[in-house]
Amino acid sequence: MPKSKNTFSSWRGRLVQRAVHAGWAWVQRTGSVTAERPGRFRFGALGVHTRLAFPLGTVFGEPWIHVGSHCIVGEQVTLTAGLMPDLDLGPEPILRIGDGVVLGRGSHVIADTTVTIGSDCYFGPYVYVTSTNHSYDDPHEPIGKQWPRMEPVEIGPGCWIGTGAVILPGARIGRNVVVAAGAVVRGVVPDHAVVAGAPARVVRRWTAEDGWQPPLRTPAPVPIPEGATAEQLNALAGLDEETAAKLAESDEGAAGRLAGLD
């Protein structure tokens, strides 16, 4: 026998669910950190239109953390300067994050010594960047009790750091570099390179003389036409595949006819 449905109970459950979701959305908006609403945090610099999403990860040493403008810091992102809270780290910033940087959910940036992230870098979720590593020189002492090694880290502008990548102390990553998901990076990475693996190695690179080597296997994305409006793009997004194909064919035919007139 089918169970009788309690309409009132079902309606009440949906109402409670909506209320919970609306309440959580309000908490997220209210708990986020911006230059206008920094809460308890006193960053050395926090640019305009930058937002640290709530809930935050571990954040300390913020007077020595400089974050540029138009940055997005995802939920549960850890940003630390210094080995522990309440240290005096001197007059210069320790962690510098440029303009337009996106740090994906659950990422960690641990700056016990200087870490610099250039402008327009995009991090996927759960990226780990650290300027400190454990040492194990003494075979008789527990590794966790040995004094760590610290080396500055620098990530150039325009980089894409894939999900779960690890950037180790001393890494020097050039500009417009792709770091594959799960890669473990140490040492120097040249500009315009793609690195993958653990430890990461260069698997593709662009130079002005040779272009991409090895050559790219997929065509470059077609850029949005200059002057296209938001309304036009929304209209295109709503087209089904058949209609879009017909439009593309008609455009190619028109282009061919125009070429014949030249």
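**Ground rules**

I'm working from a predicted model, where local features need pLDDT of at least 70, side-chain atom pairs count only at pLDDT 80 or more, and totals for chains, interfaces and linings use all residues. Residues are numbered from 1 along each chain as its sequence is written, and side-chain values use heavy atoms, with hydrogens and water left out.

**Entry 1: the sheet**

I went for the strands to begin with (a strand is a DSSP run of E, at least two residues, numbered from the N terminus). I found an open sheet of 6 strands in the order S3-S6-S9-S12-S17-S20, with parallel pairing. Its edge strands are S3 (59–60) and S20 (184–185), and each of them pairs on one side only. Two strands pair here if DSSP finds at least two bridges between them. I noted for myself that strands of a sheet pair through backbone hydrogen bonds, either parallel or antiparallel.

Then I walked across the sheet. S6 (residues 78–81) and S9 (residues 108–111) run parallel and are joined by 4 bridges; Thr78 has His108 as its bridge partner in S9. S9 goes on to pair with S12 in the parallel sense over 3 bridges, and there Ile110 is partnered by Thr130.

**Entry 2: Thr130**

Is Thr130 buried or exposed? I get 6% relative accessibility, so Thr130 counts as buried (buried means under 20% relative accessible area, exposed over 50%, partly exposed in between, with a 1.4 Å probe and protein chains only). Thr130 sits in strand S12. I looked up its contacts (heavy atoms within 4.5 Å): leaving out residues up to four places away in sequence, Thr130 touches Ile110, Val153, Ile167, Leu168 and Pro169. Its side chain also reaches the backbone oxygen of Thr132 at 3.0 Å.

**Entry 3: Arg172**

Next I jumped to Arg172, in strand S18 (residues 172–173). Arg172 counts as partly exposed because its relative accessibility is 32%. Outside four places in sequence, Arg172 is in contact with Pro152, Val153, Glu154, Gly187, Val188 and Val189. I also checked Arg172 against Gly238: they are 66 residues apart in sequence and 44 Å apart in space, C-alpha to C-alpha.

**Entry 4: the pockets**

On a 1 Å grid over the protein atoms alone, a cavity is a set of points where a 1.4 Å probe fits but cannot get out, while a pocket is an open set with protein on both sides within 12 Å along at least five of seven lines; lining residues have an atom within 4 Å of a point. A volume is the space filled by probe spheres set on the points.

The largest pocket has a volume of about 220 Å³. Which residues lie nearest its centre? They are Leu83, Asp112, Thr132, His134 and Pro148, out of 16 lining residues. Strands S12 (128–130) and S13 (132–133) each give two or more residues to that lining.

The second largest pocket holds about 180 Å³ of space. Its lining includes Asn133, His134, Leu168 and Pro169.

**Entry 5: the cavity**

How many cavities of 30 Å³ or more does the structure hold? I found 1. Among the residues lining the largest cavity are Leu52, Val59, Val73 and Leu79.

Conventions:
Polar contact = N/O pair within 3.5 Å; in protein donor to acceptor, adjacent residues only side chain to side chain.
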